[in-house]
Amino acid sequence: MKKQRYIIIAILLFLAISVSPNPVFLNAQEAQAAVNDLNVKSEEEQVQIAVLQSDAQLFDKVTACRKLTLIGTKKSVPVLAGLLDDDSLGDYARIAMERIEDPSVDDAFREALDKCQGRLLVGVVNSIGARRDVQAVSLLSKLASDSAAGVRAEALAALGMIATDEAVAIILHVMTTGPEMLRSAAADAALRCAEYQLSQSKQKKAVELYETVRKADVSEHLYTAATYGEIRARGTAGLPLLIKQLKTDNYVMINVALRAARELPGPEVTEALVAELGKLQPNIQILLIKVLADRKGPKVSESLEALAASDNPEVRAESLKVLGKVGNVSSVGVLLAAVKAGGEDATIALSSLRMIKGGGVNEAIVGKMKIAQSDEKVELIKILSDRNASVAVDAVFAEAQSPDSQVRSAAFKALANLAGPDDVGRVVNLVRALEDTAGRKEAERAVISVAGKITDKSTRTDIIIAALKQEKKVDARCSLLRILSSFSDDKSFQIIKSSLGDENEQVKDTAVRAITAWPDSDALETLFAIFKGTNNQTHRVLALRSYVRLLRQDKQIASEKKVEILGEIIKQVDTTAEKKNILSSLASMQHSSALTIAEQYLSNPQVKNEAELATIQIAQSIAGAWPVEAKAAALEIVKTTSDDALRNQARALVKTIEGFEDFITDWQVSGPYLKAGKNYSQLFDTAFAPETGDEDVDWSPMPAGTNAEKPWMLDLLKLYPGNNRIAYVYSWVQSSIQQKARLELGSDDGVKVWLNDKVVHANNIARAAIPGSDKVDVQLQKGWNKLMLKVTQNTSSWEFCLRLRDAAGNKLENITVDSFHQEQPEALFDGKTFTGWEGDLKWFRIQDGAIVAGKLSEDIPHNFFLATTKKYYNFELCLKVKTSASGVNGGIQLRSQRAENHHEVKGFQADLGQVYWGGLYDEARRNRFLVAPDEDLQKTIKHNEWNVFKIRCVNDRIQIFLNGVKTVDYIEADPEIAKQAGIIAIQIHGGQPAEAWYKDITIKEL
């Protein structure tokens, strides 16, 4: 047995080497696995054989046959053969046998011809044909002539599959001299023989068979199949037969010819078809043109160019259409002539001109464009643009100076696509040279598009600013301002902002409109200044609307602050329309203070409807966080509104809030988080930003009460539709005492829970959300406790619920919940004194609430540091920094120590100044960058303006964020350094006179 196993392994190794194009050698483990697999299959086969030999139920025996279809071998044949004449199992047994590669199967099938009848006999005959058993030819011949057996047609079909010379002779004899009722079956079998001969590269025999069938007295479908087969088998020699079919009136044969025309290979076939094209009827010409479109070739394009002048409009149209696929430079003139002629042909020709390929085509179109009349010229410019014809750039630039406004506009549109980054100056000059408004918008768009192709965004802005400084014409200056506004960068904003004071009203209006269209919150302060300071009512309205829009979308300003701002503005607006606008914006503010403001206008008849709508929308959105305030507002709407639908909404909200019970409905939510290729279960242990702190997270209030029957069940799916994703929610729980508590929660699907940043529960599961399905005993500290959940989504529903109970399961009375609570960071600098800091105060002073390091009046002899007196380890440090000039160098020391008897401080430094902003340096210790500064980031630094740092140190990890961009994510490899706490210090670098300013310095220990 062991010897036999080694032989099998050797065979498997040989097969792995010989079959693979890149031989793969099986190792011993893989070879053993293959042997084990063979043994398992052999044992399974024996089990199924035993089932067939037993008294098992019919279903079990059918199942056994099906399994043997996959694993059966020669061992199964005798048992299966014995079932071939079984009325219930014969077909199942035959199918299993048919797939076993062993001669014993063929022997068994031949023997079964004598014992099977009817349906079972038909099946056996078909299986013999499928296995191409040449030894069965004589037996099949007898069956083909035996009317009593009832399988004459099936026997002929099987002979057709076997296709030996003997079988062919029998089939042809029946087809020519046999009973009329069998001639079609014999012809079909002959076609099967022909197909097999052709597959074996026996072309001559195949042709003979196809021709015999075609000339025999057979039905039309067999004649058609034989004709198609003969043309295909003859190859180029079949062209006369093919062309003959094209000239018949029989559309079935015409389609056969067209199909063969697509499939026959070789240029000589194409040439022969082209030669016949002009001799055919127009309707056939159209069909053949479609075929030639796929064959292509120079002769095809020549013939189609000629047919493009056909008297038949359909032939003409099809020729013009196909020239777009097969034409070349010689076809351009034909297509342009069709364009000039107009009508439907012109539309088709224009489409073909956009598609046609080949050398010289673009040049030919450019040449025609230069001499064309205005309407045609416009179309050709569009075509050149659609073709991305860069060779046309100079010609299109020339047309951009055309006195014809339509040509000029078309040229600018084309330049937006065709011109490259090196052409920006040329396009700008065209804009400056424009004398009227016609085409000015297209010209401005062209500059914006071409400038957008410049990789360095600062460079493109500088080009426009330089042109603006030189320009005196008002229209051109306005164009350049509009172009700058599309860049939306700081340089552009400052130039546009300075133009608000321009003495020319048109320029000033352009600047105002550019600022009011600004896409981000950089414009907020300027917009408010316009709103407060302008006497132009239009500008005032535009500024206010834009201010409200940007305020609403700004993610840095807290909701409470936004509401405070809107509350002040609504008092200052004059028109009802603007009050309505502000109330509509308040409706999206999810804070109780927004509710307070909206309620103040419920009695104002001019804006009552908007105030009611805002009130109910705000109340619905904050019901989870402020249920008392939301319920009171809803009751007020019920009492005062005349809108029945709104009253019903308010009543429903009251009912929802009353159904909250003691479940926590006040949550902040963030999501969805997902990763390609990971399902909900894998995402459960994948850490995203809310649990890693890698980046700022967008949180928003979680809507509550979306399910009227279970208002405490919070629905994540309505917020974030989809499968295989996760979301996080958090809230703060204030406990008046330190106490034990029990979390009772339900989730659909899995849930992980953190309490005060420690995981207290994890259940990776797929399930429905049932209240209290998970119970977790926890310890609440006195004061505020942060509670965070991670909920996974598999499919279907996605929801959760949670409440806090005491250890006995009773309601916990002495707690409050507030998802808006914020742990306030500690101020490291009070803005007035150096309390908590130490250093050489000759080089540090306090001015305008900031620490100023360095002097502008004298050189700085060496590095100076102002340091905290306290040491810190894990923390989040936030501060604002600005430098007096781009050459100033400073830094923020982290976990550092003062060097003994030396001015230096040793440790990590978040670098700033010169080209070092955002890097992580190891000051006076390893004296090298641990993370080098990003060159691209340096271009975004605002010198002499405040830049915002956020620095997180957690165990061995240091992260630095500068102006919201993560610049450092560093893991300290030295365990001794990684565990050291240290001072925080701010630096001014030794050298020329310089100042670095630091303010709003806060720290939150983690």
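This is a predicted model: local features need pLDDT of at least 70, side-chain atom pairs count only at pLDDT 80 or more; totals for chains, interfaces and linings use all residues.
**How we know: pockets, strands and a helix**

Student: About 420 Å³ of space lies in the second largest pocket. What makes a space a pocket rather than a cavity?

Tutor: On a 1 Å grid over the protein atoms alone, a pocket is an open set of points with protein on both sides within 12 Å along at least five of seven lines, whereas a cavity is a set where a 1.4 Å probe fits but cannot get out. The volume is the space filled by probe spheres set on those points, which are joined across faces, edges and corners. Residues are numbered from 1 along each chain as its sequence is written, and side-chain values use heavy atoms, leaving out hydrogens and water.

Student: Which of the residues lining that second largest pocket are closest to its centre?

Tutor: Lining residues have an atom within 4 Å of a point. There are 17 here, and Pro 627, Glu 661, Asp 662, Phe 663 and Val 817 are closest to the centre. Strand β11 (residues 815-817) gives the most, with three residues. By class, the lining divides into nine nonpolar, three polar and five charged; Asp, Glu, Lys and Arg count as charged, Ala, Val, Leu, Ile, Met, Phe, Trp, Tyr, Cys and Pro as nonpolar, and the others, Gly among them, as polar.

Student: And how many cavities of 30 Å³ or more turn up in the whole structure?

Tutor: Two of them. The largest has about 50 Å³ of space, and α33 supplies the largest share of its lining, four residues. That lining has four nonpolar, two polar and three charged residues; Arg 540, Asp 574 and Glu 578 are among them. The second largest cavity, at about 40 Å³, is lined by seven nonpolar residues, with no polar and no charged ones. Leu 743, Val 778 and Leu 804 are included.

Student: What makes Glu 744 count as buried or exposed?

Tutor: Its relative accessibility is 9%. Buried means under 20% relative accessible area and exposed over 50%, with partly exposed in between (1.4 Å probe, protein chains only), so at 9% Glu 744 counts as buried. Glu 744 lies in strand β5 (residues 739-748). Leaving aside residues up to four places away in sequence, Glu 744 touches several others, including Asp 774, Lys 775, Arg 803 and Arg 805; contact means heavy atoms within 4.5 Å.

Student: Why is β15 described as largely enclosed?

Tutor: Five of the six residues of β15 (residues 850-855) are buried, so the rest of the structure largely encloses this strand. β15 pairs antiparallel with β14 (residues 844-847) over four bridges, and five bridges join β15 to β26 (residues 994-1005), also antiparallel. Val 852 stands opposite Trp 997 in β26.

Student: What makes β14 and β15 a hairpin?

Tutor: Two residues lie between them, and Asp 848 in the turn has a positive phi of about 50°. Gln 847 stands opposite Ala 850.

Student: Last one. How do you know that the buried residues of α32 sit on the same side?

Tutor: In α32 (residues 524-533), Leu 524, Thr 526, Leu 527, Ile 530 and Phe 531 are buried. They cover an arc of only 165° around the axis, which puts them on the same side; the arc is that of the directions from the helix axis to the C-beta atoms. On the other side, Glu 525 and Gly 533 are exposed. The buried residues of α32 pack against α30 (490-498), α31 (505-516), α33 (537-553) and α34 (559-572).

Note on methods
Two strands pair if DSSP finds at least two bridges between them.
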